Amino acid sequence: MSDSLSTDHGRGGVEPVVRLDAARLSYGDRTLWQGLDLAVRAGEFVAILGPNGTGKTSLLKVLLGQVQLAAGSVRIAGAPARLGNPDIGYIPQQKSFETGVQLRGVDLIGLGVDGHHWGLGLRGRRERRAKIAAAVTAVGAERFAHAPLESMSGGEQQRLRVAQALVGDPKVLLCDEPLLSLDLANQRLVAELIDRRRRTHGTAVLFVTHEINPILPLVDKVLYLVDGKFRIGTPEEVMTSEVLSELYRTEVDVLRVRGRLVVVGTGDTIDALGGHHESEAARGESTPNAPESEPATATAANEHATTTPESASTAGEPMTAAGESERVGVRS
């Protein structure tokens, strides 16, 4: 399935910072997706959605140069994707550090400065300290940046991972479910840090998530992947009953409930108001060359759902006066 917004690579004469052309990703005989054309320009925020096992995290690995396409091409800032690309910053899922890890917050950030090479001169050390200090200030981590990582909360650790990803001044920021396991306050804080960066520096953001509500006001474009098919567009264009029913090949309802869009009928492992998801990494994406796990199977009896955009001003149809749920994009 192609999309209507993915072939505008030259629009306005601005070269995309991320560009995939006719991209196909396969593991052996299994193709996760093919014919993917995607252009992401400086400062754009793209949310990557879909059930487990459909190639969301694998797409980030392609951009990181860890996984090769079976067909097509991928370019980052005008050059072919490669390992160790300084134009890319990467924020992983929030995971606690093991007890006994002798690493401070500033040490973690420093890996984003020189973790890819050996040796620093005196001038290099001064520049390194200045970069780390600026990154600490940018994420508001002055109070705890010199503490051991194991002593920090999950939200504090994730703020430092954001600083590590941004300390090298990347043009592209790849985020692999960075809000996972964070409470609402820290979800909001981390999302705001990422948004501030892309607005002040024009950094393009590709954000893999199951829970889009915390980032909806930030999203310019959605890439929705389901069982080898995909659709790209604005949240209003993609997050409708018609589009998701076509992608999932079963009846799917997109509802608005108390200011949130809720997707019902996909068979995804989440409750209707945004429960916890098992991460794709936990389901088989922990190694660069391993295929993703099989996606969840949708059944008529399964009324689990995926929460999606929450902002009434961004997501289309207004709520009813009494706040009841209403269907978005009802099929005729």
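Predicted model: local features only at pLDDT ≥ 70, side-chain atom pairs only at ≥ 80, totals over all residues.
Let me begin at the end of helix 7, where the helix is followed by Arg249, a residue whose phi is positive, near 55°. Residues are numbered from 1 along each chain as its sequence is written, and side-chain values use heavy atoms, with hydrogens and water left out.

Helix 7 itself covers residues 241-248, and six of its eight residues are buried, namely Ser241, Val243, Leu244, Ser245, Leu247 and Tyr248. Buried here stands for under 20% relative accessible area, exposed for over 50%, and partly exposed for what lies in between, with a 1.4 Å probe and protein chains only.

Let me turn to strand 9, residues 221-226, where six of the six residues are buried. From this strand Lys221, Leu223 and Leu225 point one way, while Val222, Tyr224 and Val226 point the other way, and all of them are buried. Which strands does strand 9 pair with, if we say that two strands pair when DSSP finds at least two bridges between them? Strand 3, residues 45-49, runs parallel to strand 9 and is joined to it by four bridges, whereas strand 10, residues 229-233, runs antiparallel to strand 9 and is joined to it by five bridges.

Strands 9 and 10 form a hairpin with two residues between them. Asp227, in the loop between these strands, has a phi near 50°, which is a positive value in a residue other than glycine, and Asp227 is partly exposed, with a relative accessible area of 45%. Glu177 likewise has a positive phi near 50° without being a glycine, and its place is the loop between strand 7 (172-176) and helix 5 (184-201). Is Glu177 buried or exposed? With a relative accessible area of 4%, Glu177 is buried.

Elsewhere there is an open sheet of four strands in the order 2-1-4-5, with antiparallel pairing. Strand 2 (30-40) and strand 5 stand at its edges with a single partner strand each, so one side of each has no neighbour in the sheet. Helix 1, residues 56-63, packs on this sheet and touches strand 1 (18-27), strand 2 and strand 4, and its direction makes about 120° with that of strand 1. The word contact, or touching, refers to heavy atoms within 4.5 Å, and the angle is taken between N-to-C directions, from 0 to 180 degrees, of axes fitted to C-alpha atoms, for helices over the stretch in contact.

Now to the interior, where a nonpolar core is a set of buried Ala, Val, Leu, Ile, Met, Phe, Trp, Tyr and Cys residues joined through side-chain atoms within 4.5 Å. The largest such core has 50 residues, and those with the most contacts inside it are Ile194, Ile215, Tyr224, Met239 and Leu244. Helix 4, residues 154-166, gives the largest share of this core, five residues. Why does this core lie between domain 1 and domain 2? Domain 1 (15-87 + 171-192 + 202-275) and domain 2 (99-169) both give residues to the core, so it lies between them, with the domain bounds coming from an automatic or database domain assignment. Apart from it lies another core, of 32 residues, among them Val40, Val46, Val67 and Val208.

Leaving aside neighbours within four places in sequence, Arg198 is in contact with residues including Glu44, Phe45, Leu218 and Asp220.

Technical notes. Pairing = 2+ DSSP bridges.
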